[in-house]
Amino acid sequence: MAETGPDGTAITLFSPYKMGKFSLSHRVVLAPMTRCRALNGMPNAALVNYYTQRSTPGGFLITEGTLVSPTAPGFPHVPGIYTEEQVEAWKRVVDAVHAKGSIIFCQLWHVGRASHQVYQPGGVAPISSTSKAISNRWRILMPDGSYGRYPTPRPLETSEILEVVENYRQAALNAIRAGFDGIEIHGAHGYLIDQFLKDGINDRTDEYGGSINNRCRFLMQVIQAVVAAIGADRVGFRMSPAIDHLDAMDSDPLNLGLAVIERLNKLQLNLGSKLTYLHVTQPRYTAYGQTESGRHGTEEEEARLMRTWRRAYQGTFICSGGFTRELGMEAVAQDDADLVSYGRLFISNPDLVLRFKLNAPLNKYVRKTFYTQDPVVGYTDYPFLRDGNLQEPLSRL
């Protein structure tokens with residue numbers, strides 16, 4: 001059954017939405033995407049231009065994964081938010097986005113074992129929940145543009161875990177000082193938090209491993225610390241229980257997702273305040289739902305997972321992963337999501353919201369330029385939709 005707004009009209013991607021204390025003019029969200037343009041980990045003029053291009057009045061943007069500590073990177077030239085210099089640099093990005101009328105959250109990121117000694121201080125092994133390396137099915141992008149194998153990580157000592165929690169807390173405070181409207185905790189896609197959540201990775205025997213309650217412990221400590229620091233109404237969380245990216249497999253993704261949601265709902269109830277949103281990636285994002293026999297879940301099974309999590313979570317629900325305009329319209333019309341985030345389509349269409357609104361043709365993205373360091377090519381040089389011979393972009397929503 002199609003959802004309708006207060007005025008009885010059908011809900012679409014272009015219907016307004018109240019996301020906690022934020023009033024959005026439409027439901028098309030810029031998804032967080034690694035782009036490798038922050039040379040030496042520092043936000044720069046290229047990032048200012050990139051995010052400003054994708055800003056619309058009342059729009060919602062989530063930054064690329066932003067490092068919470070020197071041990072967090074697993075790609076070249078990704079931005080951090082753990083030094084004063086980085087905080088000051090991000091202010092220029094945030095101010096430019098706000099000047100265009102958009103809301104922007106900073107995604108806090110630690111890749112855990114999805115790193116390499118070349119990215120680690122002192123050339124040491126990357127940290128994780130485990131000593132198991134990511135399999136040779138995957139390759140890591142190296143600073144020189146080549147691809148290497150993931151090394152054996154070092155499992156965090158129990159006594160070290162709260163230090164990492166503190167990294168997230170301080171990064172959240174830094175993001176607010178930089179002017180961000182809030183933060184998103186990246187708990188998806190095989191990175192550090194996901195390495196604790198998934199039983200296909202987490203082989204710990206302490207209080208952070210074994211039972212689903214133990215595997216959720218690190219996540220909940222991070223969320224509680226960040227919420228205590230900046231308030232629940234500035235915090236979003238991203239998860240991907242059914243995605244096997246970077247060997248992030250779980251034997252029961254449905255119930256893993258429900259376990260996380262149960263804890264988020266309980267936290268919100270105890271706080272008397274909701275998180276800003278829950279952001280969930282569709283299983284179709286990668287080689288999702290794969291079983292040992294190599295079979296994949298059907299579209300119906302994948303949709304059932306997402307709908308189950310959507311109905312269980314008591315708050316704003318964002319979905320992402322392979323959405324087109326039509327699939328996004330369907331998701332909000334059927335109440336399968338409140339908002340839809342777009343990645344690759346937003347890379348190649350800085351005015352994606354306008355193009356969707358007009359149902360106009362889209363630029364095709366060029367995959368080979370996704371992770372280059374060029375500040376323009378494949379980053380800010382995709383054309384805007386133009387009216388005749390106009391040299392300026394059409395005004396957006």
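Aspartate 338 and arginine 310 meet side chain to side chain in a salt bridge, 2.9 Å from N to O; a salt bridge here is a side-chain nitrogen of Lys or Arg within 4 Å of a carboxyl oxygen of Asp or Glu. Since aspartate 338 sits in the loop between helix H9 (325-333) and E14, and arginine 310 in helix H8, the pair ties together parts that are 28 residues apart in sequence. Helices (H or I, at least four residues) and strands (E, at least two) are DSSP runs, numbered from the N terminus. Both partners are buried, with buried meaning under 20% relative accessible area, exposed over 50%, and partly exposed in between (1.4 Å probe, protein chains only).

The model is predicted, so local features need pLDDT of at least 70 and side-chain atom pairs count only at pLDDT 80 or more, while totals for chains, interfaces and linings use all residues. Residues are numbered from 1 along each chain as its sequence is written, and side-chain values use heavy atoms, leaving out hydrogens and water.

Across the whole structure, the search turns up 15 salt bridges. One of them joins aspartate 194 to lysine 198 at 3.0 Å, N to O; aspartate 194 is buried at 2% relative accessible area, and lysine 198 is buried too, at 0%. Aspartate 206 and arginine 204 form another, at 2.8 Å, N to O, and both are buried. Arg307, Arg311 and Asp336 are linked in a salt-bridge network.

As for the sheet, eight strands make a closed barrel in the order E3-E4-E5-E10-E11-E12-E13-E14, with parallel pairing; two strands pair if DSSP finds at least two bridges between them. Strand E3 (residues 28-30) and strand E14 (residues 339-342) pair in the parallel sense over three bridges, and valine 28 has valine 340 as its bridge partner in E14.

Buried residues of H6 include Phe218, Met220 and Ile230, and their cover includes helix H3 (161-177), strand E11 (235-239) and helix H7 (253-271). Glycine 231 follows H6, with a positive phi near 95 degrees.

Over in helix H3 lies arginine 169, partly exposed at 27% relative accessibility. Arginine 169 touches Ala225, Val226 and Ala229, leaving aside residues up to four places away in sequence; contact means heavy atoms within 4.5 Å. Arginine 169 and alanine 229 are 60 residues apart in sequence, yet 6.6 Å apart in space, C-alpha to C-alpha.
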